[in-house]
Amino acid sequence: TATTYNNIGTIYNSKGECDKALQMYRKALQMKLATEGKWRPDTAITYNEMELTYKSRGQHAKALQMYKKALQIKLATIGERHPSTAGVYSSMGGTFFNNGDYDKALQMFEKALAIYLATLGEQHPCTADQLLNIGDTYSREAQYDKALQKYEKALQIMLATVGEQHPRTASVYNSMGSTYIGKGEYEKALQMHEKALEINLAMLG
């Protein structure tokens with residue numbers, strides 16, 4: 001069945017055997033398209049799996065093709081205002097970010113943020129994650145003050161929702177530290193990285 005092919009593909013993917021994974025995903029996709037049609041959430045799942053595999057191989061253009069197909073299905077089945085749709089926008093933003101296309105990355109992250117705010121509210125880790133993504137994008141463009149504004153908001157939300165001792169909170173501190181380095185404010189950078197290190201060491205036990 002399509003589900004079995006999909007599951008085998010996931011196993012190959014976890015083993016780093018990307019070519020075999022893609023073969024399984026393609027078989028799953030063919031079966032799903034033949035039996036369920038294009039506009040089914042399950043079909044979007046296979047596109048997402050293929051995207052992750054292409055992304056792990058550094059084939060970002062193909063990954064974006066899969067994202068766009070998954071997005072079409074999400075928009076047709078659950079609509080724009082849904083956290084799952086926001087997740088696709090966020091993933092597309094990550095691919096644009098890795099390609100160095102920061103303007104497009106920012107557009108995708110801001111779309112995801114707007115959806116999360118409308119559906120999950122401000123006080124949610126997914127909302128904070130998007131603020132972190134936007135901050136990272138500004139930081140890459142050397143817009144350090146804008147980046148820090150986003151990080152501060154993300155940090156407040158993370159502290160209120162998941163707490164200080166959490167990897168997501170550590171990620172915000174790390175990004176803030178890197179941005180302070182960009183600004184040449186090394187003492188503040190050291191404080192942020194030390195906080196991140198303290199959290200990560202505590203989480204490792």
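## Packing of α5 against α6

In this predicted model, helix α5 passes helix α6 in a left-handed crossing, a term for a near helix turned anticlockwise from the far one by less than a right angle. Helices here are DSSP runs of H or I with at least four residues, and strands are runs of E with at least two, numbered from the N terminus. The axes of α5 (residues 83-98) and α6 (residues 102-119) come within 8 Å and cross at roughly 160°. Axes are lines fitted to C-alpha atoms, for helices over the stretch in contact, with angles from 0 to 180 degrees between N-to-C directions. The two helices, α5 and α6, are therefore roughly antiparallel to each other, the term for angles over 145 degrees.

By class, the contact of α5 with α6 has 13 nonpolar, five polar and two charged residues. Ala, Val, Leu, Ile, Met, Phe, Trp, Tyr, Cys and Pro count as nonpolar, Asp, Glu, Lys and Arg as charged, and the others, Gly among them, as polar.

## Nonpolar cores

A nonpolar core is a set of buried Ala, Val, Leu, Ile, Met, Phe, Trp, Tyr and Cys residues joined through side-chain atoms within 4.5 Å; buried means under 20% relative accessible area with a 1.4 Å probe, protein chains only. The largest core has 39 residues, of which Y89, M92, I134, Y151, V172, Y173 and M176 touch the most other members. Each of α4 (60-77), α5, α6, α7 (125-140), α8 (144-161), α9 (167-183) and α10 (186-204) supplies at least two residues of this core. The largest share, nine residues, comes from α6.

Beyond its neighbours within four places in sequence, Y151 contacts L132, G135, D136, S139, V172, S175, M176 and T179. A second, separate core of 12 residues includes L22, A44, Y54 and A63.

## Surroundings of T53

T53 lies in helix α3 (residues 41-56) and counts as buried, at 0% relative accessibility. Leaving out residues up to four places away in sequence, T53 touches N13, C18, A21, L22 and Y25.

## Overall architecture

The protein chain has 10 helices and zero strands, and its C-alpha trace spans about 60 × 35 × 30 Å along the principal axes. Of its 205 residues, 40% count as buried. Among contacts with a separation of 6 or more, 52% join residues 24 or more positions apart.

## Basis of the values

Residues are numbered from 1 along each chain as its sequence is written, and side-chain values use heavy atoms, leaving out hydrogens and water. In this predicted model, local features need pLDDT of at least 70 and side-chain atom pairs count only at pLDDT 80 or more, while totals for chains, interfaces and linings use all residues.

Terms used:
Angles under 35 degrees count as roughly parallel, over 145 as roughly antiparallel, 65 to 115 as roughly perpendicular and the rest as oblique. Buried means under 20% relative accessible area, exposed over 50%, partly exposed in between (1.4 Å probe, protein chains only). Contact means heavy atoms within 4.5 Å.
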